[in-house]
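Biologist: I would like to learn how to read a structure like this one. Please give the general idea each time, then the case at hand.

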Amino acid sequence: MEEFEVSEAAKKTKTIYISTIFSIALVLLMLGMLGLILVHAKNLSKYVKENIVLNIIVDEGAKETDILAFQKQLNGNVAVKQTQYVNKEVAQHNLTKDLGEDFVNFLGYNPLLSTIDVYLKADYANNQSIDSLKRSLEKNPMVKEVIYQSSLIDMVNKNISTISLIVLGFAIILLVIAIALINNTIRLAIFSQRFLIKSMQLVGATKNFIRKPFILVAALHGLIASFIAIIILLGILYYAQKEIPEIIILRNYTDFGIVLVAMVAIGIFITAISTLFAVSRYLRLKIYDLYR
């Protein structure tokens, strides 16, 4: 009968530990996903800003050699990431492809002008920098017109700042919730061991001696939970990249490494600290309080 009770208690403890590990893993998974959003927010912002195009319309009488020399000069500008020269023939081909019919046959001539598409560096993708660059470009006799959407740039910069603040606030809230959830899960697991803790104390074991195995086991559970969360997270990212190939722009192994290490550290730290507080609480309780 006694062996049966010990076996049932062992099974119950094992079940509690397994459920604790998976509960912690799910919480760490949420933290990991949000962590990836946070560390890649800057990369995403940079990607969006550096895809804003500044169109330089070249005068029809400009020679192609002069245009190419002008493009080379633009590439040397500190604000410019890259440029793309689109001559009349390429512009005609692109528009014909978009329209689905050859508009030159209808008009009888090609009305399009050659352009140089300028992609700016993220730090210079704001109206103030672009206005300054535009005034400088318009002084060149080859430049007929410089076109860019100022309202779009304002909207992009404003929305990125707003979204960054929202994500940061959400991250702080989620971190607090995650700590609370992990702490409660650990406390429930330790609750089932409260009589064992008190029995060890009654037979003369020191508090540190009692705490140590519980903290080590909790740290191990945190480590296992973090590995489970990492595997699930990598699976989600792999599937997302297959469905949305553009997500490859967010691939940065350094940032991934930081997030994964942070998940492991948070998993071990929170479980160990929560266990320390939970065990210390039951060490302070009187025997009759354990039944309450």
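Biologist: What should I know about the source and the numbering?

Modeller: This is a predicted model, in which local features need pLDDT of at least 70 and side-chain atom pairs count only at pLDDT 80 or more, while totals for chains, interfaces and linings use all residues. Residues are numbered from 1 along each chain as its sequence is written, and side-chain values use heavy atoms, with hydrogens and water left out.

Biologist: How many helices and strands does the protein chain have?

Modeller: Helices (H or I, at least four residues) and strands (E, at least two) are DSSP runs, numbered from the N terminus. Here the protein chain has nine helices and four strands. Along the sequence their pattern is α-β-α-β-α-α-β-α-β-α-α-α-α.

Biologist: Why does the length of helix H8 agree with its number of residues?

Modeller: The expected span of a helix is 1.5 Å times one less than its number of residues. Helix H8 (residues 207–243) has 37 residues, so it should span 54 Å, and its end C-alpha atoms are 53 Å apart, which agrees.

Biologist: Which residues of H8 are buried?

Modeller: Buried means under 20% relative accessible area, exposed over 50%, and partly exposed in between (1.4 Å probe, protein chains only). The buried residues of H8 include Ile210, Phe214, Ala218, Ala225, Ile230 and Leu233, and also Arg211 and His221. Leu216, also in H8, is exposed because its relative accessible area is 53%. Over the 292 residues of the protein chain, 36% count as buried.

Biologist: Is Ile67 buried or exposed?

Modeller: Ile67, in helix H2 (residues 64–75), is buried, with a relative accessible area of 4%. The C-alpha atoms of Ile67 and Thr115 are separated by 9.3 Å, with the two residues 48 apart along the chain. In helix H1 (residues 2–49) there is Ser23, which is partly exposed at 31%. The C-alpha atoms of Ser23 and Ile182, 159 residues apart along the chain, are separated by 7.7 Å.

Biologist: Which residues form the nonpolar patch on the surface?

Modeller: Patches are made of residues with over 30% relative accessible area and no salt bridge; like charges are joined within 9 Å, and nonpolar side chains (Val, Leu, Ile, Met, Phe, Trp, Tyr) within 5 Å. A salt bridge is a side-chain nitrogen of Lys or Arg within 4 Å of a carboxyl oxygen of Asp or Glu. Accessible areas come from the Shrake-Rupley method with a 1.4 Å probe. The nonpolar patch holds Met30, Ile173, Ile177 and Leu181, with about 350 Å² of accessible area together. Helix H6 (residues 150–191) gives the most to the patch, with three residues.

Biologist: Which residues gather in the patch of positive charge?

Modeller: Lys and Arg count as positive and Asp and Glu as negative, while His and the chain ends are not counted. The place of a charge is taken as NZ of Lys, CZ of Arg, CG of Asp or CD of Glu. The positive patch on the surface consists of Arg187, Lys207, Arg281 and Arg284. Lys207 is in helix H8 and counts as partly exposed, at 40% relative accessibility.
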